[in-house]
Amino acid sequence: MAASTVSVLGLGEMGAALASAFVSNSHPTTVWNRTVSKATDLVQRGAILASSPAECIRASSELVVVCLVNHDAVKETLLSEATLAALEGKTLVNLTNGTPAQAREMASLVAAHRVEYIHGGIMAVPSMIGTPAAFILYSSSSSTFESVESTLGVLGRVNFVSGEDVGRASLLDMALLSGMYGMFSGAVHAIALAKSSGMPGSEFARDLLVPWLSAMAQSVGRLGQEADEGRYPSGGSGLGMQVAAMPNLVAASREAGVWEGMLLPIMGLMERRVAAGGVHEGLGALVEEMCR
Ligand SMILES: NC(=O)c1ccc[n+]([C@@H]2O[C@H](COP(=O)([O-])OP(=O)(O)OC[C@H]3O[C@@H](n4cnc5c(N)ncnc54)[C@H](OP(=O)(O)O)[C@@H]3O)[C@@H](O)[C@H]2O)c1
């Protein structure tokens, strides 16, 4: 069976990687980008360049993927009369980063034009697209998703997050990015501290930081379970002990001339929990504390 036709709007770093994966998997792919020159490589590899979003959309029998910088750019690109008419009867997969409310807004704006809407959250960087290392969260109705699931599978592992809310993939995308930024906040602070002692960042990261963070990542599953159960055993590392140690991290940073600001929010949250009686609880209690 011939691979289905696909349209991709947006050829930034991520959109180009998505279009490239479709081309590599023999899907006849039509592309559009505001800056036309970004299509050159893809066209050389067999993609067809459309001169407008509507022309790009019309080239696909079913699947239209949009991946632009933000929600406003998507609205600007898709919400003209000609573009909405071209979208009628098609499945629009929006892989643009945005909030759950923006996903819901987009779904309702296109629903009036008989467009099946899927909102996605890409958990990958462009070089991972098309490999099993990438996964993409998707929200929509099950029937809409089933019709395009195998085509979307060429982009990376498919993670359909069921539920009525089309904003759910976006919410989980935000949650995962929050986890990632927490890790990188700690990592850049740790590397700055290590370098202040004269240790090369590469050596510190390879020999100490990566093994340490890998070991600590093992307890993240336990935090999730504790949050579900509402019980927060200390596991031998109670918040009272941690609150006593945190000022040392702050003081050591200041002594080393390294900005201590990354530490202050989590330290404040721990202090608040301890003040509320959580001295013998573990870090899982902070999940509850965040929602108070
Ligand atoms: N890169 C990543 O690692 C990564 C990872 C996960 C998710 N994402 C998400 O993927 C989306 C695209 O990211 P990216 O890395 O491709 O960004 P990017 O390289 O900055 O590209 C931005 C894209 O948006 C287009 N654009 C911007 N304003 C526009 C407007 N007013 N009208 C029409 N098109 C407009 C740009 O067109 P021009 O080429 O004409 O400027 C370009 O195609 C974002 O929502 C991002 O958060 C990215």
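In which sense do strand β1 and strand β4 pair, and over how many bridges? Strand β1 (residues 6-9) and strand β4 (residues 63-66) are paired in the parallel sense, over four bridges. This is a predicted model, in which local features need pLDDT of at least 70 and side-chain atom pairs count only at pLDDT 80 or more, while totals for chains, interfaces and linings use all residues. Residues are numbered from 1 along each chain as its sequence is written.

**Figure 1. Overview of the protein chain.** The protein chain contains 13 helices and eight strands; helices (H or I, at least four residues) and strands (E, at least two) are DSSP runs, numbered from the N terminus. Its C-alpha trace spans about 65 × 45 × 35 Å along the principal axes. Of its 292 residues, 32% count as buried, a residue being buried if 20 or more other C-beta atoms lie within 10 Å of its own, exposed if 12 or fewer, and partly exposed in between, with C-beta atoms placed from the backbone. Among contacts with a separation of 6 or more, 61% are made by residues 24 or more positions apart; two residues are in contact if their C-beta atoms, placed from the backbone, lie within 7 Å.

**Figure 2. The open sheet of eight strands.** The strand order is β3-β2-β1-β4-β5-β6-β7-β8, with mixed pairing; two strands pair if DSSP finds at least two bridges between them. Strands β3 (48-49) and β8 (157-160) stand at the edges with a single partner strand each, so one side of each has no neighbour in the sheet.

**Figure 3. Strand β7 and its two partners.** Four of the five residues of β7 are buried, so this strand is largely enclosed by the rest of the structure. Strands β6 and β7 run antiparallel and are joined by five bridges, with Met-123 opposite Phe-135 of β7. The pairing of β7 with β8 is parallel, over four bridges, and Ile-136 has Val-158 in β8 as its bridge partner.

**Figure 4. Helices lying across the sheet.** Helix α6 (residues 100-111) lies across β5 (91-94) and β6 (116-123), at about 155° to β6. Helix α7 (residues 142-152) lies across β1, β4, β5, β6, β7 (135-139) and β8, at about 65° to β5. Axes are lines fitted to C-alpha atoms, for helices over the stretch in contact, and angles run from 0 to 180 degrees between N-to-C directions.

**Figure 5. The shell around the ligand.** The ligand is surrounded by 21 residues, of which Gly-12, Met-14, Arg-34, Thr-35 and Asn-97 are the closest; a residue is near a molecule if its C-beta atom, placed from the backbone, lies within 6 Å of it. The elements that contribute two or more residues to this shell are α1 (13-24) and α4 (71-78).

**Figure 6. Helix α11 and Gly-240.** The end C-alpha atoms of helix α11 (residues 239-256) are 26 Å apart, which agrees with the 26 Å that its 18 residues should span at 1.5 Å a residue; the expected span is 1.5 Å times one less than the number of residues. Gly-240 is located in helix α11 and counts as partly exposed, with 15 C-beta neighbours inside 10 Å. Apart from neighbours within four places in sequence, Gly-240 is in contact with Val-274, Val-279 and His-280.
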